[in-house]
Amino acid sequence: MPKIEAKPGIMDIDLYVGGKAHLDGVSNVIKLSSNENPFGPSPAAQEAVKRCVHDLHRYPSSDHIELRTALAEVHGLKADNIICGAGSDEIITFLCQAYGGPGAEIVYTEHGFAMYRICALASGATPVEVRERDRITDVDAILEGCTEHTKLVFIANPNNPTGTMIGMAEIERLAEGIPEQALLVLDGAYAEYVEGYDGGAKLVEMRDNVVMTRTFSKLYGLGGLRIGWGYAPRDVIDVLNRVRGPFNVSNTALAAAEASVRDTAYAEKCRNENSRLRAWLSEALAEHGVPCDTSTANFVLARFGNPDEAKACDAYLQKQGLIVRQVAGYKLPNCLRITVGDEPACRQVAHAVGQFKAGAR
Ligand SMILES: *Cc1c(COP(=O)(O)O)cnc(C)c1O
């Protein structure tokens, strides 16, 4: 054993467990465990990636101006207030690196996204977890969890893995109520799935203590390329750019993301299909005696009677070649998170859950 030891906090990090992608001995698995877009990326993004193969020896842009301009045009934002990262996970990492560290407290909720705790600990900060109310972000609980040491407050809206979200008035109350030395981070990984919701972009523009993060991994179907972005006050962007590597995003990812964000018709189609199939799936599961909270994202959180039943159902689904996500690590041991797939996938998973509830094992 070498004498060197990791910094305090590092060994408290539990390794992130991603959604399974394969099942031993089963070909043709249906993967509903990572909230990926079942329709894949926009054809325009695929074409953009093909064009990149000739220039792989070139370093990418380091200011990402073309993608930031496209995002600004399409979403009606200011390009100077955008930062791009290798997935929105990297923006979360930048925030924790820049504002966390020993002595800082980073607040997130009971069933909040795993990266908040991981990045907080990696920075040397103290993670502070507060309760939710029936699997919904509770603004009062967050405000009670804040102290003079709080630097960052993370909420995902809609949240993963619950699928629930809180309204703009509640978000504004949160932004207004957090301590003056803290930033509120609105993780909008699923914002595109919510009709008429800007992820909090306008609130970012109105205030100096709110940051929004977004990703191309979910609605835009580019999880494999690793690209996301953040929207923040100029001072915050200036801070984050100092910890960002100059070539943190590949030219392939930049080109695909730009093509995707400009293909608004494809995004719209994916959003509509998701809404339709999510409603169908939630209802089908409810008819089989498996309720879900009202989801605003591209997955549902199916609630079983107890942890054993959830585990047994997961095992049965795997036998049918269906991979969903156990969320015991998110303190939801009686639940399974099921990504809204395409129509055949939704029908198969609902049918299999029905068979399980009827006694099949
Ligand atoms: C998927 C997800 C992300 C980030 O994904 P990236 O692929 O890193 O952009 C961030 N937050 C939540 C809540 C997510 O579910």
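This is a predicted model: local features need pLDDT of at least 70, side-chain atom pairs count only at pLDDT 80 or more; totals for chains, interfaces and linings use all residues.
User: How is a sheet to be read, and in what order do the seven strands stand?

Analyst: Strands of a sheet pair through backbone hydrogen bonds, either parallel or antiparallel. Two strands count as paired if DSSP finds at least two bridges between them. Here, seven strands form an open sheet of mixed pairing, in the order β2-β8-β7-β6-β5-β3-β4. The edges are held by β2 (82-85) and β4 (126-130); each has a single partner strand, so one side of each is left without a neighbour in the sheet. On average, neighbouring strands of this sheet are turned by 20° against each other, direction ignored. Within the sheet, β6 (residues 183-187) and β7 (residues 210-215) run parallel and are joined by four bridges. Leu-186 has Met-212 of β7 as its bridge partner.

User: Across which strands do helices α2 and α3 lie?

Analyst: Contact means that the C-beta atoms of two residues, placed from the backbone, lie within 7 Å. Axes are lines fitted to C-alpha atoms, for helices over the stretch in contact, and angles run from 0 to 180 degrees between N-to-C directions. Helix α2 (residues 65-75) lies across β2 and β8 (228-231), at about 125° to β2. Helix α3 (residues 88-99) lies across β2, β3 (105-109), β5 (150-156), β6, β7 and β8, and runs at about 150° to β7.

User: Which residues are closest to the ligand?

Analyst: A residue is near a molecule if its C-beta atom, placed from the backbone, lies within 6 Å of it. The ligand is surrounded by 13 residues, and the closest are Gly-87, Asp-89, Ala-189, Thr-215 and Ser-217. By class, the shell holds three nonpolar, seven polar and three charged residues. Ala, Val, Leu, Ile, Met, Phe, Trp, Tyr, Cys and Pro count as nonpolar, Asp, Glu, Lys and Arg as charged, and the others, Gly among them, as polar.

User: How is the chain divided into domains?

Analyst: The bounds come from an automatic or database domain assignment. Domain 1 covers 10-40 + 265-357, and domain 2 covers 43-263. Their C-alpha centres lie 24 Å apart. In the interface, 29 residues of domain 1 are in contact with 24 residues of domain 2. On the side of domain 1 that touches domain 2, α10 (264-287) and β9 (299-303) are the elements giving two or more residues. The largest share of that side, six residues, comes from α10.

User: How do the strands of the β9-β12-β11 sheet pair?

Analyst: These three strands form an open sheet, and the pairing is antiparallel. The edge strands β9 and β11 (325-326) each pair on one side only. Five bridges link β9 to β12 (residues 335-339), and Ala-302 stands opposite Leu-336 in β12.

Definitions and conventions. Residues are numbered from 1 along each chain as its sequence is written.
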